[in-house]
Amino acid sequence: MQGRSNTILFPLAVLGLLALITLWIDRTVQPPELRVDGTTRHDPDYILNNFVTTKTDATGSISHILKASEMRHYPDDDTTELENPHFTQFGVGKPTTTIEGKRGHVSSKGDVVEFRDDVRVVRPAFGDRQEMTLTTEYLRVEPDSEIASTDQPVVITQGPKSVVRAVGMVYDKKNQTIQLNKRVRSHYERPAAGKRTSSKPKAASKTKQVAAKPAASKNSKTTSGNSNNAKQPTKTK
């Protein structure tokens, strides 16, 4: 009788073990539950119109100002997208530099600002240097280190006559240097020189002496904005 009970219980134990294994496998391969707090989606949790943010340095002086016609914040990666961004960077003893484009992107830490589409950089004239204008389709800016770089074609115009074209560039505002990477071509047109009067005397014409008289001599250049929330913020950082 005991042997018969063991014969019955053994298959039941095996079936129970198989059921546990099946349950464990099912729970293991199931995708994680989706969070409903908005951190897993890539759509804006809030939108600001006429966005303006200002940053100051340790002395309280304005370091830079970033503006945009529209700002969208994304909670999944904590990044910010900008429409028509306009960036102004200040510096003691340095010219104010402005950067603008059609679209912009700000990293989660705010240490990198990217400009795209019809990007234009203007550094006004100062000292003995003429105004410099740079155009490209993409520009990466690191405001704290004052470095701007791109791997796209650039056109640099300084004054009315100097034009430089290249692919790839690094602009260091602190040291006032520009590194051009490849395919560099430059054109420089010298200013038109004024008319100069020749100091070389004209050769005297030969004439026949008709008299013994001598010939007569001849003299010769805080964050603000209008809120238009798409959704209520699900997270504040």
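Here is a short tour, stop by stop.

This is a predicted model, where local features need pLDDT of at least 70, side-chain atom pairs count only at pLDDT 80 or more, and totals for chains, interfaces and linings use all residues. Residues are numbered from 1 along each chain as its sequence is written, and side-chain values use heavy atoms, with hydrogens and water left out.

**Stop one: H73.** Select H73, in strand 2 (residues 62–74); strands (E, at least two residues) are DSSP runs, numbered from the N terminus. H73 counts as buried, at 8% relative accessibility (buried means under 20% relative accessible area, with a 1.4 Å probe and protein chains only).

**Stop two: the rings.** Next, pick F87 and F115. The structure holds one aromatic pair. The ring centres of F87 and F115 are 6.4 Å apart and the planes sit at 65 degrees, so the pair is edge-to-face (rings of Phe, Tyr and Trp, its six-membered ring, pair with centres within 6.5 Å; edge-to-face means planes over 60 degrees apart). F87 belongs to strand 4 (residues 86–89) and F115 to strand 7 (residues 113–123), 28 residues apart. F87 is buried at 1%, and F115 is buried at 0%.

**Stop three: strand 5.** Finish on residues 97–100, strand 5, with T97 and I99 on a covered face and T98 and E100 on an uncovered one. Strand 5 pairs with strand 4 in the antiparallel sense over four bridges (strands pair if DSSP finds at least two bridges between them). Look for Q89 opposite T97. Strand 5 also pairs antiparallel with strand 7, over three bridges, and there R120 is the bridge partner of E100.

Technical notes. Buried means under 20% relative accessible area, exposed over 50%, partly exposed in between (1.4 Å probe, protein chains only). Rings of Phe, Tyr and Trp (its six-membered ring) pair if their centres lie within 6.5 Å; planes under 30 degrees apart count as stacked, over 60 as edge-to-face and the rest as tilted.
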